[in-house]
Amino acid sequence: MHFKLLLVFVEDSKTDVVMKAAREAGATGATIINNARGEGVTKTKTFFGLSLETQRDVLLFIVEEHLSRKILETISSVGGFDEAPGRGIAIQVDVEDAVGVAHQIETLTNVVEGEL
């Protein structure tokens, strides 16, 4: 079984909604890193000229490769990533090897066979 790592950067107010949608799309869990900061093409400023940064969370999912695109698209849709700048981003990276996921392989084998 092959895996992908999904890295998701999302406003902290959307973390729970994104997590729920990712699980419904086939993700079996995630690691969440709270209070990350991000900066886009242009900095958002307040009326006092101060930099305005919203708190972000980083969600790390290791998912089965056949489910990864569906999960990625679900996350983007629920998070509204393409609706406006600063909503969030998600990327997927190939995982060459992983340990500690044996319990997921058992669960995912039946799911993936059903999808194929």
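1. Buried here means under 20% relative accessible area, exposed means over 50%, and partly exposed is anything in between, with a 1.4 Å probe and protein chains only. Helices (H or I, at least four residues) and strands (E, at least two) are DSSP runs numbered from the N terminus.

2. Before going further, the ground rules: this is a predicted model, so to speak of local features pLDDT has to be at least 70, side-chain atom pairs count only at pLDDT 80 or more, and totals for chains, interfaces and linings use all residues. Residues are numbered from 1 along each chain as its sequence is written, and side-chain values use heavy atoms, with hydrogens and water left out.

3. Contact means heavy atoms within 4.5 Å.

4. Which residues of helix 1 are buried? They are T15, V18, M19, A21 and A22. These residues sit on the same side of helix 1 because they cover an arc of only 170 degrees around the axis. That arc is taken over the directions from the helix axis to the C-beta atoms. On the face turned away from the buried side you'll find the exposed residues D16, K20 and E24. Just past the end of helix 1, G26 has a positive phi of about 125 degrees.

5. V17 also belongs to helix 1, and at 46% relative accessibility it counts as partly exposed. V17 and V78 are 61 residues apart in sequence, yet their C-alpha atoms are 7.3 Å apart in space.

6. Two strands pair if DSSP finds at least two bridges between them. How many bridges join strand 1 (residues 3–11) to strand 4? There are eight, and the two strands run antiparallel. V10 stands opposite G88 in strand 4.

7. On to the nonpolar core, meaning a set of buried Ala, Val, Leu, Ile, Met, Phe, Trp, Tyr and Cys residues joined through side-chain atoms within 4.5 Å. The largest one has 16 residues, and L6, V8, L59, F61, I71 and I75 touch the most other members. Strand 1, helix 1, strand 3 and helix 2 are the elements that give two or more residues to this core. Helix 2 makes the largest share, four residues.

8. I71 and V63 are worth a click in the viewer. Leaving aside neighbours within four places in sequence, I71 is in contact with L6, A22, A25, G26, A27 and V63. V63 lies in strand 3 and is buried, at 2% relative accessibility. V63 and L6 are 57 residues apart in sequence and 7.4 Å apart in space, C-alpha to C-alpha.

9. Salt bridges next: a side-chain nitrogen of Lys or Arg within 4 Å of a carboxyl oxygen of Asp or Glu. The count by this rule is four. One of them joins the side chains of D94 and K4, at 2.3 Å, N to O. D94 lies in strand 4 and K4 in strand 1, so this pair ties together parts that are 90 residues apart in sequence. Is each partner buried or exposed? D94 is exposed, with a relative accessible area of 58%, whereas K4 is buried, with 15%.

10. K20 and E24 meet through their side chains at 3.6 Å, N to O. Both lie in helix 1, four residues apart, about one turn of the helix, and both are exposed. E73 and R69 are separated by about one helical turn because they are four residues apart in helix 2. E73 is partly exposed at 43% relative accessibility, and R69 is partly exposed too, with a relative accessible area of 49%.
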